[in-house]
Amino acid sequence: MTAGNPQQQVRQTNSLAIDAYRCVLLAVFCVSFGMYPFGKTSSANAETYTPGQPPKEDFESFAGAFLADHCIDCHGETAPEGDLSLHDLGPVDEINAGTWRSVWAQVSLQEMPPPDASELEVVDRLQFSDWIVAELSRVMQDKGGFHDHRDPNKGNFIDHDLLFAALPEEIRLVPTSSPARIWRVTPQEHITRLNDLINTEPEYDPGKPGLRTHGDVVPTNHGGELKLYFGVDRIIKWQGGTVAYATSVKSVPAILSSARKHGLENYPDFYTVNSAEATQILDVADDIIRYMAEGPLSIAQPYQITDDPASIADKMVGDLRGLPTSLVYSTKVVRPLTPVYDLMKEDGVSDERVRRAVDFLFEALTYRPPTERESNQYLQMVNESIQKLGKEDGAALGLSSIFLDRDALFRPELVEYGSPDPHGRVMLQDWELGLAVNHALRYIKPDEALRTAVLEGRMRTRDDVRREVQRMLADDTIRKPRILRFFRDYFDYDLGGYICKDNQALAATGVSARGVSHYRAMFDATASTDRLVELILQEDKDVLKQLLTTDKVVATKTDEVYFGRKRTKEEQAAAVAEAKRAEAEAKKKDNAALKSAREALAELEQWLKENPDEDTAKKQKELAAKKKAVTAAEKARAATVRQFRLENEKLGIAAADLSGPKIFARVSRRSFGTGSMKPERVLATAPEGQRLGILTHPSWLVSHSDAMDNHAILRGRWIRERLLGGGIPDVPITVDAMLPDEPHSTLRQRMRVTRETYCWTCHEKMDPLGLPFEMYNHAGVYRTLELDKPVDTTGEIIDSGDPALDGKVADAIEMIRKLAESERTEQVFVRHAFRFWMGRNETLHDAPVLQDAHRAYKESGGSMNALITSLLTSDAFLYRTRSEPGMLAESR
């Protein structure tokens with residue numbers, strides 16, 4: 001370090017110390033989170049078969065014999081079916097693991113051996129599947145592992161009838177539980193925790209239940225970004241437009257990653273926190289702590305904080321657009337004032353104030369109070385940091401370490417306390433149980449009633465859980481965004497704004513392809529669909545059926561186009577002619593008004609020129625008024641031109657009449673200035689005969705499309721998996737899954753390639769279910785023609801598992817009506833709810849839980865609250881099976 005300014009030397013010393021201290025924190029973090037055990041269950045083999053317990057026989061005596069008896073006839077050495085030869089398939093190893101994966105999928109889905117080729121008993125099939133899973137798990141343990149059977153998209157590989165109908169007598173079920181585990185918090189949950197530290201959200205307003213309320217998830221902005229914003233509720237002025245504002249405002253994107261894929265995302269063993277994310281969390285922690293202490297002063301100059309922007313005009317000079325100094329903050333304090341603020345504002349340091357800050361921040365981030373040991377450890381850490389770096393930097397860095405605490409990033413369910421029952425299960429209790437219940441419904445810390453119940457030892461029984469769950473479900477002021485998240489994950493209607501569209505293809509649909517208008521419309525549509533889901537949940541009757549068949553629409557003005565109908569060429573020509581006539585008439589009127597204003601101005605200017613010596617004070621005022629009149633007329637003419645230009649872009653669509661009472665949708669707080677999303681909506685009725693339920697809303701249709709066209713295969717797969725409970729094997733890597741590029745052919749015609757023998761086995765389960773949605777184009781607009789010919793919307797439900805469902809359908813609406821009445825569809829819905837709230841796939845041992853949950857849903861008239869209560873009071877939710885002895889200790 002060179003000699004120089006003493007303050008600069010102190011800052012450099014602090015900077016080096018901070019860097020060193022961060023390295024220590026990150027090292028501790030990596031050691032703490034290097035690996036986490038996930039529970040394994042074990043039970044002795046019995047005379048009857050217990051699912052999940054692989055046979056002890058070796059390959060030759062068991063698996064080899066199975067292949068010889070049931071597979072080799074079709075998959076032998078000569079001309080094997082599907083070009084898959086199994087005649088020389090040996091024991092599972094890392095080389096042939098891919099083949100065994102395919103065999104497992106085909107056997108589990110009952111595709112192999114086919115029913116007409118060989119009779120295979122249920123138990124034999126299950127035993128063979130379990131043997132493959134066990135062998136793949138063993139062989140691939142140090143090579144990335146085998147996780148296919150845990151993938152939520154493969155949850156349906158378990159036969160639906162085995163879960164909801166009578167089992168063969170030789171199958172023995174054991175009381176269910178879930179493995180001991182830890183859940184990494186989701187990006188939405190994490191950013192909501194951080195948001196609670198620096199922003200004050202409004203309390204629940206029963207008069208406007210749709211508006212954003214404390215406890216709701218932090219929504220994405222109109223660009224689809226999930227961000228934490230600093231101080232936007234205090235910004236009263238900025239320099240520049242929307243883009244400049246967005247650049248100027250301090251914000252933090254979601255740090256923890258999640259897969260942006262269709263389906264359920266929140267499984268405990270999906271995610272961890274890597275060192276890069278830990279480093280970012282430390283950076284954000286420092287920003288948050290300083291903002292908690294100083295507010296905008298931590299990100300702005302003192303002169304930027306004023307209630308009179310005009311008073312600092314001399315400082316806001318030059319082109320400041322996009323710079324933090326272009327913002328003006330009000331003096332009103334709106335952030336939460338916490339013990340962290342108290343610690344920083346008062347002179348000096350005391351253990352009492354440091355401990356209050358530590359204990360507050362620990363509970364704010366982990367949702368439970370610290371133990372005495374934890375409190376002491378962090379107190380010591382903060383004090384040592386202050387001694388080395390000084391109060392401001394030391395307290396910020398020391399408190400930052402709490403953001404990396406295990407329980408700030410993960411929610412443990414390790415059941416380290418309590419005695420196992422005869423089946424090796426331990427029931428969650430106290431904070432583990434309380435936080436499990438809280439996490440099932442909420443993104444913020446437990447309310448006082450739940451917190452008190454835990455502290456008083458009243459969260460240890462099934463009845464305790466039922467009491468708290470029913471209490472929270474019945475209270476509208478307690479926000480429950482996890483329920484809404486389930487419906488997003490189940491329906492996948494929130495992906496439309498992320499589907500990058502080809503501009504030319506988008507314009508051909510009839511909607512605007514100008515700028516980001518389409519993507520904004522899709523993020524608006526997601527918020528609208530969220531609100532519609534909540535309205536149906538509020539009634540809590542026949543929830544799934546209502547979501548599939550409702551004629552209600554929560555809509556913005558833009559939705560009149562998206563819910564509209566694509567015009568025929570003749571209709572569009574007539575609309576163009578009418579628009580030209582109206583435009584010409586409007587322009588004629590505007591030109592006449594402008595001409596009149598200009599003539600009046602010219603007449604007055606001429607008078608003033610001819611009478612220079614007259615008292616013209618009054619005339620000068622009149623002159624200024626006439627100039628304003630000319631300017632106004634020019635603006636009116638320009639506005640007319642813009643209006644018709646925008647209207648002409650929509651002439652390809654007959655807009656829907658979406659009118660109704662005013663309603664609100666939850667959107668992000670002001671984040672992009674005038675570009676922010678607006679909460680105002682209407683509750684309207686969809687055009688009759690054109691729409692039926694969420695699957696026909698543009699939010700869902702666009703989410704299941706691609707850049708150029710509809711995605712009938714993806715839509716059909718969704719129906720097969722989410723409503724019918726079927727499974728589809730992964731596409732083999734040898735298959736070129738591309739449709740031919742034929743602009744003058746319909747999607748149905750281009751999909752002829754999927755009817756090839758090798759492809760059709762899987763595609764016959766998807767294509768006929770997805771093609772009925774061809775009644776909508778890839779922007780979700782209803783249409784009757786495709787390439788100037790009547791659109792073919794026919795389809796068929798095949799091998800659904802319910803003979804009453806199977807058969808041809810005329811279009812998507814007929815298919816949806818049939819599915820909405822099906823008990824099987826209800827049961828499949830319950831299976832997905834189970835996966836979401838348990839964080840794992842169901843097993844045969846969960847059959848009683850699933851049947852109880854479906855019974856609760858059905859007997860309550862389709863109540864989601866009844867279904868959730870049943871699931872959260874089930875053994876699968878309440879009990880955990882510990883890891884093998886030694887694994888837990890070894891991971892610490």
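How far apart should the ends of helix H22 (residues 569-610) be at 1.5 Å a residue? The 42 residues of H22 should span 62 Å, and the end C-alpha atoms lie 60 Å apart, which agrees; the expected span is 1.5 Å times one less than the number of residues. The structure is a predicted model, in which local features need pLDDT of at least 70 and side-chain atom pairs count only at pLDDT 80 or more, while totals for chains, interfaces and linings use all residues. Residues are numbered from 1 along each chain as its sequence is written, and side-chain values use heavy atoms, with hydrogens and water left out. Helices (H or I, at least four residues) and strands (E, at least two) are DSSP runs, numbered from the N terminus.

The buried residues of H22 include Ala575, Ala579, Glu583 and Asp590, where buried means under 20% relative accessible area (1.4 Å probe, protein chains only). Leu594, Ala597, Leu601, Leu604 and Leu608 are also among them. These buried residues pack against helix H23 (617-649), contact meaning heavy atoms within 4.5 Å. An α-helix has 3.6 residues a turn, so residues three or four places apart point the same way.

Helix H14 (residues 430-441) is another case to look at. Its 12 residues should span 16 Å, and its end C-alpha atoms are 17 Å apart, which agrees. Because 12 of the 12 residues are buried, H14 is largely enclosed by the rest of the structure; among them are Asp430, Trp431 and His439.

E8 runs antiparallel to strand E18 (residues 879-881), joined by three bridges, and arginine 425 stands opposite threonine 881 in E18.

Notes. Buried < 20%, exposed > 50% of the residue type's maximum accessible area, 1.4 Å probe, protein only. Pairing = 2+ DSSP bridges.
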